[in-house]
Amino acid sequence: MPSVFLVPVIPVDDKLLSSVVDPLSMIFGIPVIIDNTNHLDPAFAFDFSRNQYNSTALIAALVTLQVRQTRSATSASSSDKVLGITSVDLFVPVLTFVFGEAQLDGNTAIVSTYRLDESIYGFPPNPRLTQERLLKESLHELGHTFGLIHCPDYLCVMHSSTSVEEIDVKTARFCLKCQEILEKKLA
Amino acid sequence: MPEKSSQHSILIVDDEVVVRDSLSKWFRQDGYRVGTAEDAVHALKLMNQGPWDVILLDIKMPGMSGLELQKQLKEIDKSAAIIMITAFASVESAVQALKEGAFDYVTKPVDPDHLSHLVLNAIRQKKLADENIQLRQQISELAKVDEIVGESPQMKKIIEMIRTVAQTDTTVMIRGESGTGKELIARAIHVNSSRRYFPIIPVNCGAIPETLLESELFGHEKGAFTGAQYRRKGKFEMADGGTIFLDEVGTISLKMQVELLRVIETKQFTRVGGNDVITSDFRIICATNRDLEAAVRDGTFREDLYYRLNVFTIFVPPLRERRTDIPPLIHHFLRKYAMAMNKPVMEISPEAMDLLVRYDWPGNVRELENVIERAMVLAKPPCIRPDDLPFQILSKRETPADDSLASVEKAHIENILRRTGWNITRAAEILDIDRVTLYNKIAKYGLKKP
């Protein structure tokens with residue numbers, strides 16, 4: 001059975017990161033571990049012209065981390081998933097921003113809490129809401145690593161979201177169809 | 001977003017590997033089939049693996065530019081929905097791309113929400129464009145269904161002429177007796193021409209009173225004459241982009257002929273009671289059963305108008321001169337009315353067919369159609385028999401065996417007896433002989449009541 005390793009990509013809000021451990025473990029039914037041994041400094045992925053961090057470069061660094069970890073730890077498996085969590089703003093070159101990025105049917109993903117925070121939209125901070133959004137986006141990106149693609153069911157967590165409003169509309173659950181695919185992958 | 005599904009496909013053409021990779025990844029996660037090409041050569045190769053619903057195309061690429069590639073991609077797939085990707089600095093090129101048929105453009109970096117909606121809209125538009133093409137093809141097919149029926153050499157030649165003249169914008173004059181299907185030929189020319197997606201406007205010049213014809217053809221402004229409460233478009237204005245079919249053109253007055261000649265020459269006119277000059281792009285097809293040459297000689301038809309209209313003439317022969325067309329026309333009308341009357345398609349007995357073929361059809365195809373419609377109402381399935389045909393055709397039933405007086409007399413008496421249902425008194429009255437004489441003749445010729 002694979003495990004999910006949550007890698008803090010600093011800076012990151014520890015409280016937020018910790019908040020998703022139990023729900024993720026419960027929903028996927030697999031161990032979810034915070035990998036405190038492998039903090040990642042994202043400075044190398046910073047783009048001065050955009051004042052953002054390149055998520056594709058960060059994914060590549062997380063893949064290298066995972067390979068090292070698999071080699072060194074006997075308990076680690078090549079089917080383990082790595083999810084980087086950060087509070088910096090992420091982008092891919094052609095898009096203005098991304099909430100996160102994942103390797104489709106791969107092992108690695110990254111999620112940013114930056115645009116999940118109400119305060120960047122000029123609203124009062126709402127940590128509980130940010131927590132909910134982070135859980136949904138973590139489920140979503142990890143879902144991609146299990147081979148799930150975007151789902152037309154707007155309530156399914158795999159539904160594509162390009163704004164926080166859309167994240168808030170969907171639930172932190174997989175629809176029956178996505179759940180079925182996920183269970184096959186986890187079996 | 002219910003329209004997103006794996007059946008949709010996107011081709012990404014960009015020389016930057018990061019752009020290709022990030023877009024490809026993004027769309028794969030959305031369930032699209034994704035193809036990527038680094039330059040025009042690869043893009044053109046990948047077109048064979050299409051069709052692609054949406055093509056994302058970088059404007060600036062080494063080798064062939066995105067604009068040039070767009071032209072070539074459109075040549076391969078006219079309905080391709082192309083979204084140009086551009087850096088902010090080349091917005092002018094993107095505008096140029098839009099003018100040349102691109103669906104839209106995005107500047108890098110693009111807002112994910114915007115890109116997502118743009119692609120979905122492009123897919124919707126392509127779907128509509130494809131449906132449009134399909135429907136147009138269906139329309140063309142439907143037009144073929146109603147095409148002219150005829151197997152005679154004369155009709156084959158006419159069909160060939162229709163195909164040829166339809167490809168041009170030449171004025172066509174269709175001549176032939178009443179009921180020969182002149183309007184059908186005009187419609188066939190129109191639906192086979194490039195103007196087929198615009199209307200064909202028929203005007204029966206002979207049926208419109210002289211006083212109203214001008215207003216009918218050119219339209220009128222409100223208050224142009226008593227009763228003209230609203231502005232109305234004329235037939236020439238309605239035919240903009242399409243065809244105007246002037247039936248019975250030989251009947252129009254000399255005054256209207258002058259007006260008509262001017263409009264044909266300039267394609268411009270003013271509505272009755274108006275000052276604005278209206279321009280309309282129409283093709284003229286006209287028809288007449290009059291001897292226009294004689295009318296020109298008599299001075300009742302203007303010679304200049306005659307030459308303007310008589311550019312390409314199609315003569316439709318009367319039905320009696322192409323009897324081989326009668327059986328296929330009969331079967332065509334049988335199918336038509338069986339559908340309209342919700343009756344099974346009926347056969348026609350050999351005897352009835354023989355009568356129909358031998359009849360002279362002074363009213364031509366129109367008369368034949370009416371006869372078949374009537375017979376379909378009267379006939380009992382599964383067959384149309386001679387008794388279902390009108391009298392004027394039945395009278396052809398008994399024709400003299402030869403031209404001798406006795407043969408002619410025998411055939412005539414038999415016809416009259418059939419017409420009167422063997423009512424001797426009535427038949428004798430019609431024949432203007434007394435009943436005894438009629439009995440004698442019946443006995444002489446061995447006629448028997450059926």
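The buried residues of helix 8 of chain B are covered by elements that include strand 7, strand 8 (219–220), helix 9 (235–238), helix 10 and strand 11 of chain B. Here helices (H or I, at least four residues) and strands (E, at least two) are DSSP runs, numbered from the N terminus. Cover rests on contact, in which the C-beta atoms of two residues, placed from the backbone, lie within 7 Å. A residue is buried if 20 or more other C-beta atoms lie within 10 Å of its own, exposed if 12 or fewer, and partly exposed in between.

The model is predicted: local features need pLDDT of at least 70, side-chain atom pairs count only at pLDDT 80 or more, and totals for chains, interfaces and linings use all residues. Residues are numbered from 1 along each chain as its sequence is written, while chains are lettered from A and ligands numbered from 1 in the order in which they are written.

Helix 8 spans residues 210–218 of chain B. Its buried residues are Leu213(B), Glu214(B), Leu217(B) and Phe218(B). Seen down the helix axis, they fall within an arc of 95 degrees, so they line one face of helix 8 of chain B. The arc is that of the directions from the helix axis to the C-beta atoms. The face turned away from the buried side carries Thr211(B) and Leu212(B), which are exposed. Gly219(B) follows helix 8 of chain B, and its phi is positive, near 80 degrees.

Helix 7 (residues 182–191) of chain B is mostly covered, with eight of its ten residues buried. Among them are the charged residues Lys182(B) and Arg187(B). Ile185(B), Ala186(B), Ala188(B), Ile189(B), His190(B) and Val191(B) are buried as well.

Chain B as a whole contains 19 helices and 16 strands. Of its 450 residues, 34% count as buried. Among contacts in chain B with a separation of 6 or more, 66% join residues 24 or more positions apart.

In soluble globular proteins, nonpolar side chains tend to be buried together. The largest nonpolar core in this model has 88 residues. Such a core is a set of buried Ala, Val, Leu, Ile, Met, Phe, Trp, Tyr and Cys residues joined through C-beta atoms within 7 Å. Those with the most contacts inside it are Ile10(B), Val54(B), Ile55(B), Leu56(B), Ile82(B), Ile83(B) and Met84(B). Leaving out residues up to four places away in sequence, Ile10(B) touches Phe27(B), Tyr32(B), Val34(B), Trp52(B), Asp53(B), Val54(B), Leu56(B) and Val119(B). Another core lies apart from the largest one. It has 40 residues, including Ile174(B), Ile201(B), Val263(B) and Phe282(B).

Five strands of chain B form an open sheet in the order 7-10-13-6-14, with parallel pairing. Two strands pair if DSSP finds at least two bridges between them. Strand 7 (200–204) and strand 14 (312–316) of chain B are the edge strands, each pairing on one side only. From one strand to the next, the twist averages 20 degrees. Axes are lines fitted to C-alpha atoms, for helices over the stretch in contact, and angles run from 0 to 180 degrees between N-to-C directions. Strand 7 and strand 10 (residues 243–247) of chain B pair in the parallel sense over five bridges. Opposite Ile200(B) stands Thr243(B) of strand 10 of chain B.

The contact between the chains takes 19 residues from chain B and 16 residues from chain A. On the chain B side, helix 1 (17–29) and helix 5 (112–145) each supply at least two residues. Helix 1 of chain B gives the most, with seven residues. The chain B side divides into eight nonpolar, four polar and seven charged residues. Ala, Val, Leu, Ile, Met, Phe, Trp, Tyr, Cys and Pro count as nonpolar, Asp, Glu, Lys and Arg as charged, and the others, Gly among them, as polar.

Most residues other than glycine have a negative phi, and most peptide bonds are trans. The bond from Ile10(A) to Pro11(A) is cis, with omega near 0 degrees. Pro11(A) sits in the loop between strand 1 (4–9) and helix 1 (14–19) of chain A. Another cis peptide bond joins Lys108(B) and Pro109(B), with omega about -10 degrees. Pro109(B) lies in the loop between strand 5 (104–107) and helix 5 of chain B.

Glu248(B), although not a glycine, has a positive phi of about 55 degrees. Its place is the loop between strand 10 and helix 10 (254–266) of chain B. Glu248(B) counts as partly exposed because it has 19 C-beta neighbours inside 10 Å. Lys267(B) is not a glycine either, and its phi is positive at about 60 degrees. Lys267(B) is found between helix 10 and strand 11 (268–270) of chain B, in a loop.
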